Protein chains: 2
Amino acid sequence: MAKLTNALADFACAPLSTTLQTRIVTSLSMLDWIAVGCAGKDEPVSKIVRDMVLAEAGAGQAHLFGGGTAPLRATALVNGTISHALDYDDTHFAHIGHPSVAILPAALALAEAKDKPIVDLLEAALIGMELSIRVGLWLGRAHYQAGFHQTATSGAFGAAVACGRLLGLNPAQMRQVLGLTATRAAGQKSQFGTMGKPYNAGVAAANGLEAAQLITAGFQSNDQALEGTFGFGATHLGENDTDSALQGLGHDWLFELVSHKFHACCHGLHAALEAARELDIAEPEVAEIKVKTHPRWMTVCNQVNPTTGLGAKFSYRTVIAMQALGYDTALPESFTDQICQNPRLKSLADRITVEADNSLSETQAKLALLRRDGARLEAEHDLQTPLALADREDRVRAKAVKLIGRDEVDEIWSMLRTGGRAADLAAHLNG
Amino acid sequence: MAKLTNALADFACAPLSTTLQTRIVTSLSMLDWIAVGCAGKDEPVSKIVRDMVLAEAGAGQAHLFGGGTAPLRATALVNGTISHALDYDDTHFAHIGHPSVAILPAALALAEAKDKPIVDLLEAALIGMELSIRVGLWLGRAHYQAGFHQTATSGAFGAAVACGRLLGLNPAQMRQVLGLTATRAAGQKSQFGTMGKPYNAGVAAANGLEAAQLITAGFQSNDQALEGTFGFGATHLGENDTDSALQGLGHDWLFELVSHKFHACCHGLHAALEAARELDIAEPEVAEIKVKTHPRWMTVCNQVNPTTGLGAKFSYRTVIAMQALGYDTALPESFTDQICQNPRLKSLADRITVEADNSLSETQAKLALLRRDGARLEAEHDLQTPLALADREDRVRAKAVKLIGRDEVDEIWSMLRTGGRAADLAAHLNG
């Protein structure tokens, strides 16, 4: 009875056992999250949600992406939404969720308001993100395939627990936090392709933060509302395999396998783009490029001749041609309507074919390049294969530099690695 | 495709066709809601949620139960929670939901802030409550029995549409409002018996209000997120019988069947209490009282010898004895721990037996009184049998007088029946 809840609550309150690698990956996710949030600050959904909150004119407890301050719950909603607006944040393939955008907005806002050191913030963030992945695994693919947006549903639990950690809750209170979150956690996949998708992340962050605040204030919830006949797992069509979800909890950090996006387009295209990087394609020499990918992606991101920048973000042919022609796929602003009309790009795209390959996983792709001189070159990539830590750091930082500039990145990275106050870190969201 | 969504959105935007009875029942629900909200203002959950919001120090856009003002979303959360804190608000048995506590907090806050006339507020409130009942019927018993708290889930849609009406949205925008609400609507029955139950109502009110605000500001959602394969009805285990749910929409007002509580205890006890009223029980003469009720209530509200005031609220024997001895079961403060120790009450309670009767519905009860003189008297009551309108008005007003005093009731009722501004009505929440 309540095995999952008890284990998660104990984990959330226990001293942490981490490696340097865990800590660096956590810091990289924080840097990456700040960078993509700053880059997304002027998206239409960002403005709408931020304006709603600013009109409420509440106490300036924490910084918002793009300027201004707001109370904690409002800040979590806004920053979660904005940081997912470009869909350029990190992904965890184990449960198909985006850990950062649900957990970090809540944790950073609270850490800023409580004037916590960054080291405490990162610890709470890591716990929250790991817990969201574990809850996501517990809910399983069935939950996702039924129509729930794991980023938001499992993310709310992660946000709640990260905030509970920062508020110093004990395991009994943490169980209450999980139970209260169970009555609010929500988010539908039917919002994909609308402003509702990033909003789901903001909602998760705000819900989690609110649950932790209320329990801290003495609110009494059902602390067994996650599991059991009428628990969240049952009502939300979860697989509820507790033993698998808890395996290695506390010493194996599934979070470390988080995947950072290095291209500002659909994640289904990334393995192919990484493989293409290895081939060093020179456009005039290309006779044909054959792309093989997991069948799932054929209906997601294989637009053949997109005519808009948004369409380009879901097109193998376009993004591979863009990269070969020197467009920077790391920059959101590279994806324009005009680029779809570029004759050289269209010519190269017409030499690219895409086919499904059942032998590949969702994170794998294979490329075959046939040159006009008859040479045939092949490359493949699996996003699940961890980058060497130094490579990962180089690439996340390089991406962040493109989005927010070198000075900002150096300053933020220095704080993340050497300490400081969460409030100083949060001030960079206004940048 | 989207038959339900289209019909609901059209209904929400169309001119209303109501009778005097519909309008009076709506006004009675508003009066009743204000009275139970004022009565619940100092409950522990009320203080916790109100204090959280007041600490955010936002713009004073609308009045809170118990004092103070707050921004709209926060007001809806607080007033929804407080008005359900005593579980003394109205109930609709068709979908087992409490319409007022999810819809009125959102509609009144928005109407106050937009300085709307009361007549517009009542129209929007009626539309929202009727729509919540229709959505509740569409989701059906299966949804409730799976573990969802209909008051909150279907209530969020009602709150959203009531607010959309006050904001002057058109049907296309109203479909967006319904779609956006689908990604937030939540609430678990597992919170029953905790502070989470009233909180669910507040969350529904706040979610609905937020959805309407965002769509008004240009937010783009999936307007087909209620129905279909990945729609809310499918993911949330609804029965999704569209034709039944829409039957008579626009001219038959299911809302009129709403049931007001005249006793400050579990609704499962009310039919028996009403039947007992008819018997005019004199304690010394009672040899035995036999209560027959629907089997469902035997595990809900048949505590045999409760020792606390809370327990008394779930005990046939206690509440019938209380009423016979002249305790006012309409007053929340009548239900004390001390009363459970009253020897005369215990003596009478020991002469009361309760048994399940499969031939009764959930809203029916039968009483048989055997007097010491050998006389046998019987009475029965069905909460579904509508009170004559004048009787209903008398009893709702009498209940409200007990909770907030005659002057307040007269003033509020006069505004509700003769017009005025919503803001003047809202000022009475601070009382």
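## Exercises on a predicted two-chain model

In this predicted model, buried residues account for 58% of the 431 residues in chain A.

**Exercise 1. Describe the fold content and overall dimensions of chain A.**

Step 1. Take the secondary structure. Chain A holds 18 helices and six strands.

Step 2. Compare the radius of gyration with the globule rule. The value is 21 Å, close to the 22 Å that the rule gives for 431 residues, so chain A is as compact as a globular protein of that length.

Step 3. The C-alpha trace spans about 75 × 45 × 40 Å along its principal axes.

Step 4. Check the contacts. Of those between residues at least 6 apart in sequence, 78% join residues at least 24 apart.

**Exercise 2. Work out which elements of chain A touch chain B, and what classes of residue they meet it with.**

Step 1. Count the residues in contact: 42 of chain A and 42 of chain B.

Step 2. Find the elements that give two or more residues. They are α3 (44-55), α8 (171-182), α9 (196-216) and α10 (232-235) of chain A. α9(A) gives the most, with five residues.

Step 3. Sort this side of chain A by class. It has 21 nonpolar, 17 polar and four charged residues.

**Exercise 3. Determine how chains A and B are related.**

Step 1. Superpose chain A on chain B. A rotation of 180° does this with 0.0 Å of shift along its axis (RMSD 0.0 Å).

Step 2. Read off the symmetry. The two copies are thus related as by a two-fold rotation axis.

Step 3. Locate the axis. Gly58(A) comes closest to it among the residues of chain A, at 1.8 Å (C-alpha).

Step 4. Compare the two sides. 100% of the interface residues of chain A are interface residues in chain B too, so the copies meet through the same surface.

Note on methods
Residues are numbered from 1 along each chain as its sequence is written. Chains are lettered from A and ligands numbered from 1 in the order in which they are written. This is a predicted model: local features need pLDDT of at least 70, side-chain atom pairs count only at pLDDT 80 or more; totals for chains, interfaces and linings use all residues. Helices (H or I, at least four residues) and strands (E, at least two) are DSSP runs, numbered from the N terminus. The radius of gyration is taken over C-alpha atoms; the globule rule is 2.2 Å times the number of residues to the power 0.38. A residue is buried if 20 or more other C-beta atoms lie within 10 Å of its own, exposed if 12 or fewer, and partly exposed in between; C-beta atoms are placed from the backbone. Two residues are in contact if their C-beta atoms, placed from the backbone, lie within 7 Å. Ala, Val, Leu, Ile, Met, Phe, Trp, Tyr, Cys and Pro count as nonpolar, Asp, Glu, Lys and Arg as charged, and the others, Gly among them, as polar. Copies are superposed by least squares on the C-alpha atoms of residues with pLDDT of at least 70 in both.
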